[in-house]
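This report describes selected features of one structure, with attention to charged pairs, a helix and individual residues. The sequence and the structure are shown first.

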Amino acid sequence: MKQIMEKFKALSEREQRLVLIATLVLAALLFYLLVWSPLNQSIARNSATVADQQELLSWVQKNANRVQQLKGSTSQGAKFNGSLPQAVNQSASRLNISIARMQPQGDELQVWVDEAPFNQVIAWLHSLEQMGISILDADFAETARPGQIRIRRLQLSKG
């Protein structure tokens, strides 16, 4: 550092001013490139992510209300008498829902679906309840495609 100061003092007054101005410009440029620009890019990226997440939240809330409405409108007195796997298969195929796996357990049935449109799944569940099939438990997950969900586990029972 001492050598740099000696070289700086050896310069003429005009050269010293030029070096100081160049140093300030370089410092400003480095600040912009290393601090300001990355922060602005990060803020823009995060703002876009927040907007996407808010849109998704709004969609989920709107459709959650629909689920509650459908849940409240189920027929309470209906009792299902028949083959549970057959009824589930037929109702799913009517709505183009592809069942990945079914596992009967006495009067209960567990169902897995890899990917299906959310609105069709809601309509399917509503039709099952209208038939008198009870939904005991459901575990859903989002997929990479918008509007599509995966049923990790759906436990159904005869009335």
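Glutamate 13 is exposed, its relative accessible area being 59%. The model under discussion is a predicted one. The partner of this glutamate is arginine 17: the two side chains form a salt bridge, with an N to O distance of 3.0 Å. Arginine 17 is partly exposed, at a relative accessible area of 48%.

Both residues belong to helix α2, which covers residues 13-72. They are 4 residues apart in that helix, and therefore about one helical turn separates them. In general, side chains of opposite charge can pair when their charged atoms come close. The structure holds 4 salt bridges, and the pair of glutamate 13 and arginine 17 is one of them.

Aspartate 137 is partly exposed, with a relative accessible area of 32%. Arginine 153 is likewise partly exposed, with a value of 24%.

Aspartate 139 and arginine 152 form a further salt bridge, in which the closest N and O atoms are 3.6 Å apart. Aspartate 139 is located in strand β3 and arginine 152 in strand β4, so this pair ties together parts that are 13 residues apart in sequence. Aspartate 139 counts as partly exposed at 32% relative accessibility, and arginine 152 counts as partly exposed at 39%.

## Glutamine 155 in strand β4

Strand β4 spans residues 148-158 and includes glutamine 155. Is this glutamine buried or exposed? Glutamine 155 counts as buried because its relative accessibility is 14%, and the cut-off for a buried residue is under 20%.

Setting aside residues up to four places away in sequence, glutamine 155 touches Gln105, Glu108, Leu109, Gln110, Ser134, Ile135, Leu136 and Asp137.

## The buried face of helix α4

Which residues of α4 are buried? They are Phe118, Val121, Ile122, Trp124, Leu125, Leu128 and Glu129. Viewed down the axis of α4, these buried residues fall within an arc of 160 degrees, so they line one face of the helix.

Glycine 132 follows α4 and has a positive phi, near 100 degrees.

## Aromatic rings

The structure holds 1 aromatic pair. A charged residue is also placed over a ring: arginine 101 lies over the face of tryptophan 112, at 4.1 Å from the ring centre.

With a relative accessible area of 49%, asparagine 65 is partly exposed. How far apart in space are asparagine 65 and isoleucine 149, and what is the separation in sequence? The C-alpha to C-alpha distance between them is 17 Å, and they are 84 residues apart in sequence.

Notes: Residues are numbered from 1 along each chain as its sequence is written. This is a predicted model: local features need pLDDT of at least 70, side-chain atom pairs count only at pLDDT 80 or more; totals for chains, interfaces and linings use all residues. Side-chain values use heavy atoms; hydrogens and water are left out. Rings of Phe, Tyr and Trp (its six-membered ring) pair if their centres lie within 6.5 Å; planes under 30 degrees apart count as stacked, over 60 as edge-to-face and the rest as tilted. A charge sits over a ring if NZ of Lys or CZ of Arg is within 6 Å of the ring centre and within 35 degrees of the ring normal. Helices (H or I, at least four residues) and strands (E, at least two) are DSSP runs, numbered from the N terminus. Buried means under 20% relative accessible area, exposed over 50%, partly exposed in between (1.4 Å probe, protein chains only). Contact means heavy atoms within 4.5 Å. The arc is that of the directions from the helix axis to the C-beta atoms.
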